[in-house]
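Please keep the sequence and the structure in view while reading.

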Amino acid sequence: FGSCVEVEDEATGKTSRYTLVSSNEASPSDGRLSMDSPVAGALRGRRAGDVAVVQTPRGERRFKVVSVN
């Protein structure tokens, strides 16, 4: 909990920064993802340079981990 992860969406090149928090504190629009979410689950345990793959209703998304703090 509390880790900040910066990722780059491989499809769009857009960079986002997320803080992994408990479900009570989650606010995706503010960059706070619940540890129970699919994106946070895919990012858990990743290091800079790793690629996390997430299955979404719109298809697979690939995020390259830029940094983890």
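A salt bridge is taken here as a side-chain nitrogen of Lys or Arg within 4 Å of a carboxyl oxygen of Asp or Glu. The model is predicted, and by this rule three salt bridges are counted in it.

The strands form an open sheet of five, in the order 3-2-1-5-4 and with mixed pairing. Strand 3 (32–34) and strand 4 (51–56) are at the edges, and because each has a single partner strand, one side of each is left without a neighbour in the sheet. From one strand to the next, the twist averages 40°.

Strand 1 (residues 4–9) and strand 5 run antiparallel and are joined by five bridges, and within this pairing Val7 has Val65 of strand 5 as its bridge partner. Strand 1 is also paired with strand 2, again in the antiparallel sense and over five bridges, and here Glu8 stands opposite Thr15 in strand 2. The hairpin made by strand 1 and strand 2 has five residues between the strands, and in it Gly13 takes a positive phi near 80°. The pairing of strand 2 with strand 3, by contrast, is parallel and extends over three bridges, with Arg32 in strand 3 as the bridge partner of Thr19.

**The salt bridges**

| Glu6 | Arg17 | 3.5 Å |

Which parts of the chain does the salt bridge between Glu6 and Arg17 link? Glu6 belongs to strand 1 and Arg17 to strand 2 (residues 15–21), so that the two partners, 11 residues apart, connect distant parts of the chain. Glu6 is partly exposed because its relative accessible area is 23%, and Arg17, at 41% relative accessibility, also counts as partly exposed.

Is Asp9 buried or exposed? Asp9 counts as buried because its relative accessibility is 7%, whereas Arg61 is partly exposed, with a relative accessible area of 37%.

When residues up to four places away in sequence are not counted, Glu10 touches Val51, Arg62 and Lys64. Glu10 and Phe63, although 53 residues apart in sequence, are 5.8 Å apart in space from C-alpha to C-alpha.

Ser67 lies in strand 5 (residues 59–68). Why does Ser67 count as buried? The cut-off for a buried residue is under 20% relative accessible area, and Ser67 counts as buried because its relative accessibility is 18%. With neighbours within four places in sequence left aside, the contacts of Ser67 are Cys4, Val5, Glu6, Arg17 and Ala48; among them are Glu6 and Arg17, whose side chains meet in a salt bridge.

**The nonpolar core**

The largest nonpolar core has 13 residues, and those with the most contacts inside it are Val5, Val7, Tyr18, Leu20, Leu33, Leu43 and Val65. At least two residues of this core come from each of strand 1, strand 2, helix 1 (38–43), strand 4 and strand 5. Which element supplies the largest share of this core? The largest share, three residues, comes from helix 1.

Tyr18, one of the core residues with the most contacts, is in contact with Ser3, Cys4, Val5, Val7, Gly31, Leu33 and Leu43 when its neighbours within four places in sequence are left aside. Val7 and Val65, which are bridge partners, are both listed among the core residues with the most contacts.

How values were computed
Residues numbered from 1 in each chain as written. Predicted model: local features only at pLDDT ≥ 70, side-chain atom pairs only at ≥ 80, totals over all residues. Heavy atoms only, no water. Helix = DSSP H or I, 4+ residues; strand = E, 2+ residues; numbered from the N terminus. Buried < 20%, exposed > 50% of the residue type's maximum accessible area, 1.4 Å probe, protein only. Contact = heavy atoms within 4.5 Å. Pairing = 2+ DSSP bridges. Axes fitted to C-alpha atoms, helices over the stretch in contact; angles between N-to-C directions. Core = buried A, V, L, I, M, F, W, Y, C linked by side-chain atoms within 4.5 Å.
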